[in-house]
Amino acid sequence: CFIDINYGQIINLTLKDVEFKASNESNTENLYLAGFVCTNRGIIEGCTISGEIIAEKLNGNYVSGAFAGGICTTNYGEIHQCSNIATVSVEAYDSAYAGGIVGQNGQNGIIDDCYNIGEIITFINDIYNAYTYAGGIVGRNNGQIKTSYNIGVIESRRNSNLLGAYS
């Protein structure tokens, strides 16, 4: 992520043909990877990303997971008029969250007028029967999604409990 936590405004940025890849071998630490922001508590508007975003969590247990999103990993703020054209892929031994716009949308998070045409992939290779959350707009949603759409392919391998265009 370019920015760890956004409390301000990020407006009209484009990242083309990126190749972002991160891996983590920790059993207890989460892995976060996104095009622009890890945690959004502000406003992101008019941003677009294309290319590849690949998060690989090589070890794990029930207390940690891997989060990836085209725009941000976790959203508690507002995201407007953003688009993802990138492939977003998460491979983990524990919980995996992948979304075209956001990996996980928090309780107060708002996503409005966004779209995804990138491929979203989650893969769990574990012995714990952990779950994956994969969606074109959001991997796991606890907030609001308005006027947004997905036309990208969504693929989840193993124990998916949430899989869909919005999720």
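**Close-up views of a predicted, all-strand chain**

**View 1. Ile79 in its buried setting.** Ile79 is buried, with a relative accessible area of 0%, where buried means under 20% relative accessible area, exposed means over 50%, and partly exposed lies in between (1.4 Å probe, protein chains only). This is a predicted model, in which local features need pLDDT of at least 70 and side-chain atom pairs count only at pLDDT 80 or more, while totals for chains, interfaces and linings use all residues. Residues are numbered from 1 along each chain as its sequence is written, and side-chain values use heavy atoms, with hydrogens and water left out. Ile79 belongs to strand E10, which spans residues 78-80; strands (E, at least two residues) and helices (H or I, at least four) are DSSP runs, numbered from the N terminus. Apart from neighbours within four places in sequence, the residues in contact with Ile79 are Asn40, Ile44, Cys72, Ile101, Val102, Ile110, Ile111, Asp112 and Cys114, contact being heavy atoms within 4.5 Å. Cys114 stands 35 residues from Ile79 in sequence, and their C-alpha atoms are 7.9 Å apart in space.

**View 2. The open sheet that includes strand E10.** Parallel pairing joins 5 strands into an open sheet with the order E2-E6-E10-E15-E20, two strands being paired if DSSP finds at least two bridges between them. Strand E2 (9-11) and strand E20 (144-146) are the edge strands, each pairing on one side only. On average, neighbouring strands of this sheet are turned by 5° against each other, direction ignored; the axes behind such angles are lines fitted to C-alpha atoms, for helices over the stretch in contact, and the angles run from 0 to 180 degrees between N-to-C directions. Strand E15 (residues 110-112) runs parallel to E20 and is joined to it by 3 bridges, and Ile110 has Gln144 in E20 as its bridge partner.

View 3. Strand E5 (residues 37-40) pairs with strand E9 (residues 72-75) in the parallel sense over 3 bridges, and Thr39 stands opposite Thr74 in E9. Gln104, in strand E14 (residues 102-105), counts as buried at 16% relative accessibility. Leaving aside neighbours within four places in sequence, Gln104 is in contact with Phe67, Thr73, Thr74, Asn75, Tyr97, Val138 and Arg140.

**View 4. The pairing of strands E13 and E18.** Strand E13 (residues 95-99) pairs with E18 in the parallel sense over 4 bridges, and the bridge partner of Gly99 in E18 is Gly135. From strand E18 (residues 132-135), Thr132 and Ala134 point one way while Tyr133 and Gly135 point the other way, and all are buried.

View 5. Ser89 has its place in strand E12 and, at 17% relative accessibility, counts as buried. Not counting residues up to four places away in sequence, Ser89 touches Ile53, Ile54, Ala55 and Ile121. Ile85, in the loop between strand E11 (83-84) and strand E12 (87-92), is partly exposed, with a relative accessible area of 38%. Together with Ile117, Tyr149 and Ile151, Ile85 makes a nonpolar surface patch of about 390 Å². Patches are made of residues with over 30% relative accessible area and no salt bridge, with like charges joined within 9 Å and nonpolar side chains (Val, Leu, Ile, Met, Phe, Trp, Tyr) within 5 Å; accessible areas come from the Shrake-Rupley method with a 1.4 Å probe, and for residues only the protein chains shown count as cover.

**View 6. The salt bridge between Lys21 and Glu56.** The structure holds 1 salt bridge, a term for a side-chain nitrogen of Lys or Arg within 4 Å of a carboxyl oxygen of Asp or Glu. In this salt bridge the side chains of Lys21 and Glu56 meet at 3.9 Å, N to O. The pair links distant parts of the chain, with Lys21 in strand E3 (residues 14-24) and Glu56 in strand E7 (residues 48-57), 35 residues apart. Lys21 is exposed, with a relative accessible area of 58%.

**View 7. The chain as a setting for the close-ups.** The secondary structure of the protein chain comes to 0 helices and 23 strands, and buried residues make up 53% of its 167 residues. Of the contacts in the protein chain with a separation of 6 or more, 79% are between residues 24 or more positions apart.
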